[in-house]
Structure formats: C-alpha cells, structure tokens
Amino acid sequence: MAHCSNRRQQQLHHGLQVSSGLQDMSLRDRGGRRRDFHDLGVNTRQAMVHVQESKTGFSGKVIKLTTNHFRLTSRPQWALYQYHVGYSPEMEARRLRSALLFQHEETIGKTHAFDGSILFLPKKLENKVTELFSRTRNGEDVKITVTLTNELPPTSPTCLQFYNIIFRRLLKMLNLQQIGRNYYNPSDPVSIPNHRLMVWLGFTSSILQYEENIMLCADVSHKVLRGETVLDTMHSLHSQVGEERFRDACAKELIGLIVLTKYNNRTYRIDDIDWDNNPKSTFRKSDGSEMSFVEYYKKQYNIEISDWMQPVLISQMKRKRGNIQGTVALIPELCSLTGLTDKMRNDFNMMKDLAIHTRLPPEQRQRELGRLLNYIQKDDNVQKELRNWGLSFDNKSVSFTGRIVQGEKIFQSGAMFDYNPQFADWTKETRGVPLIRSMPMDSWLLIYTRRNYDVANTLLQSLFKVTPSMGIHMNRPSMIEVDDRTEAYLRVLQQRITPDINIVVCILSSSRKDKYDAIKKYLCTDCPIPSQCVLARTLSKPQTIMTVATKIALQMNCKMGGELWSVEIPLKQVMIVGIDCYHDTVSGKQSIAGFVASLNQSVTRWFSRCVVQSRGQELVDGIKTCLQSALRNWLKWNKSLPSRIFVYRDGVGDGQLNTLVNYEVPQFLDCLKSIGTDYSPRLTVIVVKKRVGARFFAETGGGLKNPPPGTVVDTVVTRPEWYDFFVVSQTVKNGCVAPTHYNVIYDTSQLKPDHVQRLTYKLCHMYYNWSGIIRVPAPCQYAHKLAFLVGQSIHREPSMTLSDRLYYL
Amino acid sequence: MARRGGHRTAFLWFVHDQLPGLERRGLSVTCVGDAVPYCSQAWESLTEEEKMMYAEKARTWNSKKRSQKTVKETRNVPDPVPAPLTTKMPCVTPLPDASALSWKNDQDMVADIFYFLDIYSYGRLPPHCEQRFLPCEIGCVRYSLQHGILADFHHFIDPEVPPRGFRYHCQASSDETHKIPISGFHHPRACYAVVLRELIEFAQPARGARPRFFCRSNDRFRINWCLGRMASITGIESHWELFAVEDLIMKLYQKKYQKEPSNVWVYRKLDVCLWDFSSNTRCKWHEENDIICCALASCKKMGYCISKSFAGVYGVPLTAAHLPLQDSDSDQGTNTRIVKLDAGHNQKMKAESSGCNKPLGCPRQDQEFVPSNCDSPCGVKTSPCGTSVVQGRGVIRLLRSASDLSKPFSN
C-alpha cells in the first residue's frame with residue numbers, strides 16, 4: 001500500500017513518467033507482462049551518421065506490395081491531455097476511485113481513460129487544476145484534485161501506448177474475447193466436425209509509429225479448440241479402462257492439459273484432480289460466505305451443471321504481483337480441451353484439414369483482415385468512441401514498393417548455377433556436381449541393430465551410389481550390429497573408435513531421445529568425433545532412399561569439415577558471426593548461446609563454439625571469450641585479423657533490445673580492443689527477428705501473391721528510429737510467407753544500406769543442410785542448431801577439437 | 001522499484017550484493033533498481049541453498065524492520081506478526097564444512113570408508129509449501145578407495161501424497177528425470193521408517209560416530225531435507241553429516257598434488273556419460289527401462305569417479321568393484337557382432353592387414369568373410385539369431401588407406 005502511494009508521488013514529481021501507470025492499465029487488462037514489447041524508445045539510428053539521411057537501398061527490380069498495416073489518422077492539432085488525479089482523504093480501491101471521479105461526467109466528459117491515478121482526456125479542462133467533490137456510499141466527503149500534467153502530441157510514446165489500449169477497448173466493444181494476448185471472435189467459429197475441432201478466428205494487433213505514419217499492424221490468428229469437454233474425456237476413459245484404473249488413467253491423461261472455460265474465456269492448466277469434491281461442494285468466496293459450485297455457476301454465469309458426481313479440477317494460479325499464489329477449482333463439464341495433443345499433431349489428415357482453415361493464402365488473409373476493419377467501420381459504438389477521441393483508421397491497408405534483389409549465383413567446384421527463384425532451391429541443379437571440398441570417408445563405423453540390418457545395407461549401397469559424383473571418397477565401413485540398448489551403442493563406440501575414424505553412423509530404430517542424447521553426448525564431449533544418427537524409418541521407403549542418402553552424404557560431409565557450395569562475397573577480410581540462444585528447461589534453466597564465426601574469405605568454413613551459462617554469469621561474458629577465440633582462429637587461417645566483422649544476433653526477445661544496445665555491443669567492442677591496441681575492425685551488429693507481425697503481399701494481375709524470395713522492404717513499415725529492413729528470403733508452399741526483420745543496431749562499416757541488405761540476403765544461401773534459401777542468414781541457423789543440440793542433448797560445452805566443423809548439423 | 005527501507009525480498013538482497021561487481025564491470029548501476037535486469041538471470045541459476053541464504057538475510061531484515069515498526073506503532077501487541085518463512089524446516093542437521101575431512105596419512109585415506117548417498121524426489125515444490133520434496137527413491141553405496149564399492153543400498157520410497165494442486169508439477173518433473181510414476185508403480189516401495197532404519201544400519205560407522213554421507217553439492221539441500229523429513233515423520237532419532245562429494249575430490253587432489261583442481265575439472269570427472277549406461281550400475285528397474293536417472297547409479301558413479309581419478313596416484317590396483325565392467329568378453333548379454341558387408345561389388349578388396357589397432361586383442365583370423373552373391377548384393381550372413389554371443393571377432397576395417405577406390409558406380 002505504501003508502495004502504491006509512493007509511486008503516485010513519484011509521478012507527481014516527474015509528470016512524464018506516465019508510461020508505468022499506463023502499463024499497469026494494460027496489465028490489469030490481463031495478458032501481457034510488464035515489459036516494453038515493442039522496444040520503444042531505443043533509438044539506435046541517431047548514432048549512425050551514414051544512415052541519418054537515408055537507410056534505403058537501391059538495387060533490384062521494383063515490386064508493388066501491400067501489407068497488413070493500416071494508417072491511424074487523427075484530427076489536425078490533435079493532442080492528448082494527461083491529468084493526475086488525487087484524492088483527499090486517500091482512497092485505495094481503484095474501482096472506488098473511478099466511481100468517485102466519474103460522478104462528474106458533466107465536467108470530464110464521456111470520453112476518458114483512467115487507470116486509478118492518471119486520466120487521459122481528448123480535451124483540455126478549463127483550469128490547470130480542477131477540484132471536484134464527491135461523496136462515497138458511506139457518506140464520506142472526498143475532494144478530488146484533477147491536475148493537468150501533460151499535453152501529448154500524437155507521436156509521443158505515451159500516446160502510442162494509449163492507442164493500443166483504446167484499440168483493445170474497441171475489440172472488446174466488438175464482442176471479441178481476449179485469450180492470451182490476442183482477441184478472438186467466439187460467435188463465428190469454424191467447426192471441423194470429423195476431427196471434433198473448432199477454430200476461432202482472431203486478431204493480433206499493435207499500433208506503432210512507423211516511418212511516416214502511426215499504423216495499426218493487424219494479423220489473423222487462430223485458436224483451435226477441441227469439441228469435447230474434460231467430462232467427455234473422463235467418460236470415455238471410464239469406459240475404456242474400467243472403474244479400477246479410472247483415477248490413475250485420468251491423472252495420466254488429463255493432468256497437464258490446458259483447458260478453456262467458455263464462460264469467461266480463460267485458459268487454465270489442470271494441475272490436479274480433487275476426487276473428494278464435486279459440484280455440490282462448497283467453497284469460500286472472497287467475502288467469506290460459503291457457496292456451492294452449482295449455486296455459484298447458476299448465479300454468476302447462469303449455467304446449470306448437469307452432472308453432480310464429477311470431481312473438481314484444480315489449477316494453480318500463475319504467479320501474480322505480490323507473489324500471491326492460490327488454486328482455482330474448475331468443473332470438468334465446463335472445461336473445453338484446447339490445443340492439439342502430440343497424437344493429433346502426428347495425424348497427417350487432421351493437420352491437413354486444419355491447415356485449410358489456419359494457413360491462409362495471401363488473398364484470403366487480407367480478406368479476413370478487411371473484415372475486421374469493416375467491423376470497426378460499421379459498428380456505431382466503435383465509431384462513436386473513435387470520433388470522440390478524434391481518431392480514425394484507414395480501411396485499406398497501405399501500399400508501397402519493395403525491391404526484388406538480384407538472384408545469387410551458386411558456385412560449386414568451378415561450376416556456376418542459377419536457381420529458379422520461384423522455388424529458391426538448387427537441389428536439382430547441383431546434383432552430380434563435385435563439392436567444393438569433400439572429405440574422404442576412409443574409415444568409418446556403421447552401427448545398427450539386428451532388426452535394421454537390411455536398412456543398414458540399403459543405406460550403405462545408396463551411399464556408394466551417390467558419393468562418387470560428389471567427389472566423396474568412401475571406403476566400406478566397419479559394420480557393427482548391436483543390441484537395441486543405449487549401453488550397447490556406447491560400449492561399441494568406446495571400443496571401436498580410434499583416432500583415424502572419420503565419422504560414426506548410427507541407425508536408430510526408434511526416436512527415443514535418451515539414446516540419441518547419450519550417443520551425441522559421448523561423441524561430442526568424451527570422445528569428440530563427428531556422428532550421424534539416422535532413424536531406420538527414414539530409410540525404409542525405397543522410392544525416397546536415393547534422395548535421403550544424398551542428403552545424408554552431404555550432411556556427413558559437412559560434419560567432417562567439408563564445404564558444399566558458395567556465393568560471391570565481394571567484401572574482403574570479412575568475418576561473419578552468428579549468435580542464437582537456447583533456453584534449457586530441463587537442466588536447471590541453463591541458457592545456452594551458440595556462436596558461429598566464418599573462417600575464410602568465401603564464408604564456407606565455420607568456427608563454432610557454444611556457451612553454457614554458468615552460475616551468476618551473463619551469457620555475453622561467454623560470448624566475449626568465443627569472439628576472442630574466433631579471432632585467434634581467423635588469424636591462424638588467414639595470417640591476419642579480419643578488417644570487418646558482421647554479427648548477426650538472433651534470439652533476442654521482445655523488449656531486450658535495450659540491454660543488447662547498452663550492454664552487449666560495448667562488450668563486443670571491449671573484446672576487440674583487448675585483441676590489440678592497433679586493431680580496430682569495422683563492426684556491424686544486426687539483430688535478426690523471425691517472429692514479426694508484418695506480412696507483405698505482391699500485387700500481381702489484380703490478385704495478391706506471396707512476394708518472391710529476395711524482396712527487400714526498407715520504407716513505410718520500418719521504424720524511423722532504427723536502421724532496419726525486412727527481407728523475404730524463403731518460399732512457402734501454402735499460407736503466407738513471413739519476412740525476417742533485420743535491425744542494424746551498431747554499424748561502423750560505412751557500407752551503404754544496399755550492401756548490408758545484399759550481404760544479408762547472400763548469407764541466407766549458405767546453410768548447408770538445405771540446398772536452398774532459408775529464412776535467416778546461415779550463421780544464425782548454424783548457431784541455432786548448435787545451441788539446440790547442446791541444450792537438448794549434451795548440456796555442456798562440446799569438445800573444442802570439433803570447433804572447426806559443422807558437427808552439429 | 002526500490003522500496004526505501006520497506007520490505008526487502010531475497011532477490012533484492014542478492015542484487016544488492018551484486019552491485020559492486022557490476023560496477024566493476026563498468027556498468028552504470030547506481031542503485032538496486034538499475035541492477036535488476038543484469039541480475040535476474042544470475043538469480044535463476046542460484047541453487048536452493050544459495051537462495052536460502054538470501055532469503056534468510058531478507059527475513060532477518062524484514063522481521064527486524066517489522067519489530068521496530070510494531071514497537072513504534074502498536075506497543076500493545078505482544079507478539080509481532082510471524083515471519084513469512086515459518087514453514088517447518090525439518091533440516092535438523094546443519095551442513096558440515098569440508099574442513100572436517102582429514103586423514104593422518106595416505107594409508108588412512110585409502111582405507112577410509114565413505115557413504116555416497118542420493119535421494120530422488122518428485123520435483124521441488126515452491127518455498128511456501130510445507131513439503132519441499134517428496135522422496136521416492138534412495139540409493140547409497142559403501143565405498144573405500146582400497147576396495148571400491150563394498151555394498152549398496154537401494155529402495156523405492158513410498159511417497160507422500162503430493163499437496164493438492166501439485167500433481168502436475170510432480171508428474172512433470174518425474175517425467176523429466178527418474179520417471180518413477182506417482183501412482184500405478186508396481187514395484188515394492190518401502191515406508192520412511194524402514195528406509196531410515198535400514199539406512200542407518202547400513203551406514204553405521206564402526207566407531208559409533210555419526211554416519212558421514214557424501215552427495216553432489218547441487219543435491220545437498222534436497223537430500224538433507226529428505227533425511228530430515230523422514231526423521232521427523234517417523235520420529236527416529238538420527239544424526240548424520242552430509243558432505244559435498246566435490247569437496248572430497250578436492251581434498252584427495254590436494255593431498256596428492258598440493259594444489260587445488262578447478263571446479264570444471266571436478267565437474268567433468270563426475271559427469272562421465274559413459275557410466276550412465278554401464279551395466280550393474282543402475283537399479284534393476286531403471287536399467288530395464290533404460291532410464292538414466294537412478295539414485296543408485298548416481299551414488300555408484302561418485303565411486304567410479306574417485307576410483308578412476310585417484311586409484312592410480314594412490315597406488316591402489318583397480319578391481320571390478322572400482323569401475324563398471326567394460327570388457328565385451330564378459331557375458332552381459334550385450335550382443336555385439338561385427339559383420340562385414342560386401343555392398344559394393346566393385347570395391348577392390350585390399351588386404352585387411354591395414355591396421356587393426358583396436359584395444360581388443362581379437363584374433364584377426366576369426367574374421368568371417370562371406371562372399372557376395374549376385375542376388376543379394378549385400379552378401380552378409382546374419383548368424384542364426386538366438387542366444388549365441390558372437391563376440392570378439394575383432395574389427396574388420398577394410399580398405400582403409402586406399403585413396404582411389406570409390407569409382408563411379410555403374411547402376
């Protein structure tokens with residue numbers, strides 16, 4: 001309590017510090033956490049002089065694009081007025097504070113936003129300080145002082161938060177229901193009866209200041225609900241397993257599932273089942289009175305509970321402010337199952353049927369968004385609210401132009417290929433061409449179980465067929481048959497591995513993770529040697545075996561230190577670094593950072609290390625060490641240090657940009673300084689973000705299509721305070737392609753934006769586990785793979801002897 | 001959100017202690033509030049013990065504050081509000097310091113008997129629960145460097161019922177580790193009284209002193225808590241000392257090398273993944289189900305580690321009791337066969353004399369050559385299945401040094 005008034009006083013002193021109050025408001029709106037999701041107020045562009053004027057590129061063919069951004073317009077000379085509201089005597093309850101204030105609607109007006117201490121109005125009150133007098137129900141007289149603290153222009157950060165809150169308010173007025181961070185429309189569900197599924201259509205939205213305008217970025221989102229309730233599942237379990245094992249079966253099947261209660265549209269996790277209680281049991285309400293569940297649901301939601309014998313589900317409340325924890329009791333009959341089980345995910349037909357509704361092609365996606373905007377335009381209440389605030393939305397999304405940069409040429413052992421930009425894939429083109437650097441498989445192990453004897457043979461034959469044309473020299477392996485037990489595999493590895501062995505191939509009969517983990521752990525730490533695990537199932541189809549064998553051969557070649565292809569990199573002496581993070585949930589919440597740095601001019605060899613965050617240490621400290629050893633290795637390979645370093649940093653969460661700019665980048669610079677006093681390479685740090693709300697659509701022949709790979713967008717939907725751009729680098733078969741967002745947060749390269757964009761796109765061609773263009777620059781994907789392997793299977797830093805190979809592919 | 005002089009949490013104390021270090025790193029952190037973002041990750045990675053230390057600090061501070069306040073404001077209230085952390089901590093024994101470990105000479109040390117202990121629980125429940133852990137499996141081994149593992153002790157423990165609302169938590173953490181089901185487990189489980197009595201009997205030191213247990217330092221809090229819990233529930237009077245095995249390893253190292261090993265070195269020594277799957281290491285159930293996490297295995301591995309690292313320097317000959325059985329010529333039913341395939345008909349056969357430098361001294365003459373036949377290019381003969389253990393054939397690695405072998409294939 002003391003804390004509360006304290007905060008208010010602070011705000012009184014610094015009138016500008018509204019944002020915290022407003023965040024509270026959205027916090028109470030439930031959903032989000034107290035965090036700056038959009039990294040507002042991180043202005044990195046101002047420090048980079050060379051992009052002050054313009055951050056746009058120029059090369060490539062112009063393409064007409066539209067997007068999912070809608071302009072927000074306000075009246076000329078629009079301003080938002082911010083007031084502080086004080087009470088004397090002090091009133092604590094927010095509801096009471098609001099009620100007391102809004103007794104004076106004639107003064108304040110009908111349009112307002114109030115979070116308990118800060119009041120926003122679209123108009124200026126007559127006096128700077130307005131005193132109002134109200135009376136509580138208990139007859140207590142209260143003096144309310146409303147003081148003008150700020151007059152906010154439309155582009156101020158506070159206003160942006162305010163717009164978002166108002167927009168959520170509009171969605172609520174449209175009877176959309178909030179689930180998580182998004183809003184869904186429960187009134188018009190799509191049902192898929194043959195799988196007993198329901199899909200709710202919903203929207204994600206955010207309003208931000210973009211290059212020239214404040215815009216709403218809206219996207220379609222889907223919530224998959226299952227048609228059955230927990231009670232239905234219990235009944236079917238009961239009929240399956242019988243009375244005796246019923247409770248155990250329920251515990252096994254139901255505990256841990258996420259359910260949705262339709263009466264309030266909230267989701268809960270089932271943490272326990274209380275068999276001693278039933279809907280007729282009573283519980284104590286917050287006011288101290290006892291009430292039965294049956295009565296409560298009747299009174300509160302007008303719901304009749306039909307089965308009075310069902311047990312009660314228990315859910316732990318998530319940790320809230322003040323560390324109050326508690327449990328919630330739920331009635332199985334009223335809980336719908338949500339999400340998909342693993343079994344459902346593996347059901348191909350079902351996923352296909354679902355994808356029809358959830359993976360919308362560009363045209364349909366825009367149509368659904370158009371519908372949302374239409375609701376907004378059509379609804380009188382919403383329009384009135386907007387009018388009162390002096391705001392309105394365009395109902396047509398913004399159109400602008402992007403550029404399709406030139407396709408890259410793929411070089412492989414003297415040969416040069418173009419690829420079909422439509423597929424962004426060169427598997428066919430490079431088939432049968434020798435690799436840049438092929439590693440011999442002179443001596444290798446092939447380990448399999450007796451059951452997979454035939455499979456092992458098939459693999460071996462196919463490898464013998466495909467490797468010669470790649471230029472891979474392969475000898476017959478030592479073939480070792482083992483029992484299907486982890487111990488047997490490990491023992492064989494322990495006994496048979498000698499220093500001259502190039503690679504170990506294990507054929508696994510099931511996707512049991514612990515066996516894979518044990519093999520990888522042993523072969524990455526205790527006995528460092530490249531290894532390839534193959535699931536027997538993958539090799540079982542005769543019609544795909546050659547394709548699979550080709551991919552495995554390529555993958556093994558990379559793991560042993562081979563190189564496949566390259567693209568032209570015009571910059572000299574440049575080291576490319578990729579960083580990604582993995583957050584390990586099992587082994588005590590360790591975080592792992594994968595770090596990958598190029599070692600040669602053609603960017604085909606990589607140095608890879610990872611950081612397992614040790615106790616009380618920041619990840620970046622480890623990254624520093626990695627950078628140092630990467631530079632040492634570079635020196636060994638090139639006899640000089642790189643003159644340019646590009647860092648592609650992935651794995652940055654929403655709201656972490658600030659820490660990155662203020663802490664991580666200085667650490668990089670520090671590290672470079674420590675290499676030598678006369679060493680100052682040009683450094684560029686680029687934050688890579690795959691999860692962005694923006695979608696682009698190419699306008700072609702009256703229709704909308706996915707933009708082709710190589711589409712670069714650096715205007716209109718980028719942020720004015722950043723040096724950022726979007727690249728669409730991959731293709732998708734169905735649905736909408738997602739662009740990747742690149743934010744250059746530090747740059748002393750003096751390169752033109754065009755060159756940075758081109759380099760970024762080139763690097764998307766260099767991922768050796770996929771002969772095509774991928775969504776992020778290859779170093780990011782490598783770093784991701786490495787961090788994932790370590791986080792999932794190895795849990796400690798792999799041996800350094802492997803660091804010059806892509807052993808984790 | 002620094003609250004001047006008000007209630008302080010354990011985390012705030014932690015941040016407070018980190019301030020000087022952060023400043024040294026060149027960060028502009030003037031108050032606790034500035035430092036919070038840099039500390040949250042570090043805080044997450046603290047052990048329970050370390051967190052407890054800060055919680056204790058916070059509690060003393062807060063209760064002091066509160067009592068000051070209560071004295072000031074409400075003089076008549078005799079008993080101040082109870083401290084928030086009043087949960088009954090059955091931790092009867094304080095954790096001893098490593099300095100208690102010492103030996104007169106090497107002989108003493110080598111002959112000294114240690115008990116390695118591990119107790120698994122269904123997860124770790126949050127601090128506000130009275131029940132922090134639910135012990136479900138216990139393992140203990142008697143070990144001396146001289147003789148290796150002398151005896152072992154293992155039980156599944158009859159667990160207490162998870163507090164209401166925590167079944168999911170317990171189930172999930174079990175699934176991640178030892179995978180012992182909470183209900184529907186068809187193996188006999190012993191109750192606390194039996195477990196504790198037998199453990200005390202098992203670990204009864206000769207000279208009537210307290211039993212000395214060793215465990216991994218990260219698990220110390222849990223194991224100590226579980227022992228305390230069992231003692232307090234059953235009312236069995238018992239005393240014990242629980243050391244960190246890392247400290248023991250440090251001591252052994254120091255004694256021989258006169259210097260301290262690095263933490264990483266100790267950690268590496270203890271964490272050898274090969275032993276995770278060694279036979280005769282896990283309990284029967286965990287071995288049958290091929291699950292790594294087993295309390296018994298955890299104890300045995302501590303023994304293996306010490307044997308492997310120190311038997312040599314202390315001049316103790318290694319026996320089967322020191323390290324897990326490794327040789328394939330022992331009959332453990334591991335059926336490893338090495339077969340030579342003749343997959344590529346066009347591959348030149350080179351003399352297989354090219355180096356069989358395997359650790360196993362298998363006679364090379366035993367290698368079985370099965371010539372390819374036209375119908376099945378893979379002319380390999382699987383020996384009739386069954387119990388026959390075809391081992392010790394040696395490795396056939398053919399054509400290893402040839403450089404011009406893989407000619408393009410014609411089909």
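## Close-up views of a predicted two-chain model

**View 1. Aromatic pairs in chain B.** Over all chains the count comes to 43 aromatic pairs, where rings of Phe, Tyr and Trp (its six-membered ring) pair if their centres lie within 6.5 Å, with planes under 30 degrees apart counted as stacked, over 60 as edge-to-face and the rest as tilted. One of them joins Phe156(B) and Trp285(B), whose ring centres are 6.0 Å apart and whose planes stand at 85 degrees, so the pair is edge-to-face. This pair links distant parts of the chain, since Phe156(B) belongs to strand β3 (residues 148-156) of chain B and Trp285(B) to helix α11 (residues 284-288) of chain B, 129 residues apart; helices (H or I, at least four residues) and strands (E, at least two) are DSSP runs, numbered from the N terminus. Both Phe156(B) and Trp285(B) are buried, a word that means under 20% relative accessible area, while exposed means over 50% and partly exposed in between (1.4 Å probe, protein chains only). Phe214(B) and Phe243(B) form an aromatic pair that is stacked, with 5.4 Å from centre to centre and 25 degrees between the planes. Here too distant parts of the chain are linked, with Phe214(B) in strand β4 (residues 212-215) of chain B and Phe243(B) in strand β5 (residues 241-244) of chain B, 29 residues apart, and both Phe214(B) and Phe243(B) are buried.

**Notes for every view.** This is a predicted model, in which local features need pLDDT of at least 70 and side-chain atom pairs count only at pLDDT 80 or more, whereas totals for chains, interfaces and linings use all residues. Residues are numbered from 1 along each chain as its sequence is written, chains are lettered from A and ligands numbered from 1 in the order in which they are written, and side-chain values use heavy atoms, with hydrogens and water left out.

**View 2. The loop around Ala98(B).** Ala98(B) sits in the loop between α3 (48-73) and α4 (106-111) of chain B, and it is buried, with a relative accessible area of 15%. Leaving aside neighbours within four places in sequence, Ala98(B) is in contact (heavy atoms within 4.5 Å) with Phe243(B), Asp247(B) and Lys251(B). Ala98(B) and Phe243(B) are 145 residues apart in sequence, yet 6.8 Å apart in space from C-alpha to C-alpha. In chain B as a whole, 73% of the contacts between residues at least 6 apart in sequence join residues at least 24 apart.

**View 3. Helix α12 of chain A and what covers it.** In helix α12 (residues 380-389) of chain A, the residues Val382(A), Gln383(A), Glu385(A), Leu386(A) and Trp389(A) are buried. Seen down the axis of α12(A), these buried residues fall within an arc of 160 degrees, so they line one face of the helix; the arc is that of the directions from the helix axis to the C-beta atoms. On the other side of α12(A), Asp380(A), Asn381(A) and Arg387(A) are exposed. The elements that cover the buried residues of α12(A) include α5 (157-173), α11 (362-378) and β20 (391-393) of chain A. At the start of α12(A), a side-chain oxygen of Asp379(A) reaches to within 3.0 Å of the backbone nitrogen of Asn381(A), and just after the helix Gly390(A) takes a positive phi of about 75 degrees.

**View 4. Strand β1 of chain A and its partners.** Strand β1 (residues 61-67) of chain A runs antiparallel to strand β21 (residues 399-404) of chain A, and six bridges join them; two strands pair if DSSP finds at least two bridges between them. Within this pairing, Lys61(A) stands opposite Ile404(A) in β21(A). Three bridges join β1(A) to strand β33 (residues 696-700) of chain A, also in an antiparallel arrangement, and the bridge partner of Thr66(A) in β33(A) is Phe697(A).

**View 5. Cysteines without disulfides.** A search of the whole structure finds zero disulfides over all chains, a disulfide being a pair of cysteine sulfur atoms within 2.5 Å. The sulfur of Cys610(A) is 7.5 Å from the closest cysteine sulfur, in Cys626(A), which is too far for a bond, and Cys610(A) is buried, with a relative accessible area of 2%. In chain B, the sulfur of Cys226(B) is 8.6 Å from the closest cysteine sulfur, in Cys136(B), again too far for a bond, and Cys226(B) is buried at a relative accessible area of 0%.

Notes. A polar contact is a pair of N or O atoms within 3.5 Å; within protein, one must be able to donate a hydrogen and the other to accept it, and residues adjacent in sequence count only if both atoms are side-chain atoms.
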